[in-house]
Amino acid sequence: MKYAIISGSHRTQSQSGKVARYIAARLAAISPEASSHIVDLGQTPLPLWDEGIWQGDPKILDVWKPVSTELKSCDAAIVIAPEWGGMVPAALKNFFLFAADGSLYHKPGLIVGVSAARNGAYPVAELRVSSYKNTHLQYISEHVIVRQVGDVLNEDAPQSEDDGLLRKRLDYSLSVLAEYAKALQSVRASGVLNRKEYPFGM
Ligand SMILES: Cc1cc2nc3c(=O)[nH]c(=O)nc-3n(C[C@H](O)[C@H](O)[C@H](O)COP(=O)(O)O)c2cc1C
């Protein structure tokens, strides 16, 4: 099983990146045969999507193609969305325009909202309303909100009760995601899906 972990912050040294690395380590610990690929939109930013991609503009394609190839080889995605101004950062919305190329088509997605304070619910709501239509990423009902992100997931062992509870919740959600990843393989192989005729959701 291979997982894509998308860190949606623009910041090069972001807390979302820290969460992404923690999740990659947990996936490896939970199932040693699992692998993951982190797409950190702060460290390797994508250009703003533009229609040059349809004409094969190398300025855009050369950056996107390697990311798309990695996503295509994954069975599931974890989308880490920091709350910025009560929203998902623009880099993450931009990512979803690129990812409408079929690379996440009918793969399960786990949303992880991130907040420096006690929020983090807005990005979860926003992603559940948008972002899946043309990517066909299938968000599972479990999601995780990492609150007070500066205080958690910093050391090998939990440093507080909240840190411990969050780690347990993350492990549980990753285990659920793994089962959906197995299950949706059969949906993709069923022959029912028709991306040629219906590439865009309604
Ligand atoms: C432009 C900007 C806007 C932010 N707005 C919010 C917000 O609306 N709610 C919130 O809980 N945190 C907000 N934060 C704080 C982030 O939650 C915090 O930076 C956290 O570390 C996650 O972002 P990061 O992954 O970029 O580090 C904001 C941060 C930035 C940079």
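Reader: Does W64 count as buried, exposed or partly exposed, and why?

Author: Keep in mind that this is a predicted model. The general idea is to count neighbours: 20 or more other C-beta atoms within 10 Å make a residue buried, and 12 or fewer make it exposed. W64 has 18 C-beta neighbours inside 10 Å, so it counts as partly exposed.

Reader: Okay, and where does W64 lie?

Author: Look at helix α2, residues 58-72; W64 is in there.

Reader: Which residues is W64 in contact with, leaving aside its neighbours within four places in sequence?

Author: For a contact, the C-beta atoms have to lie within 7 Å. On that basis W64 touches L46 and F98.

Reader: Where is H106 found?

Author: In the loop between α3 (90-98) and β4 (108-114). H106 has 17 other C-beta atoms within 10 Å, so it is partly exposed.

Reader: What about phi of H136?

Author: Positive again, near 60°, in a residue other than glycine. H136 sits in the loop between α4 (121-129) and β5 (138-146).

Reader: Is H136 buried or exposed, and why?

Author: Buried, because H136 has 20 C-beta neighbours inside 10 Å, and the cut-off for buried is 20 or more.

Methods:
Residues are numbered from 1 along each chain as its sequence is written. This is a predicted model: local features need pLDDT of at least 70, side-chain atom pairs count only at pLDDT 80 or more; totals for chains, interfaces and linings use all residues. Helices (H or I, at least four residues) and strands (E, at least two) are DSSP runs, numbered from the N terminus. Two residues are in contact if their C-beta atoms, placed from the backbone, lie within 7 Å.
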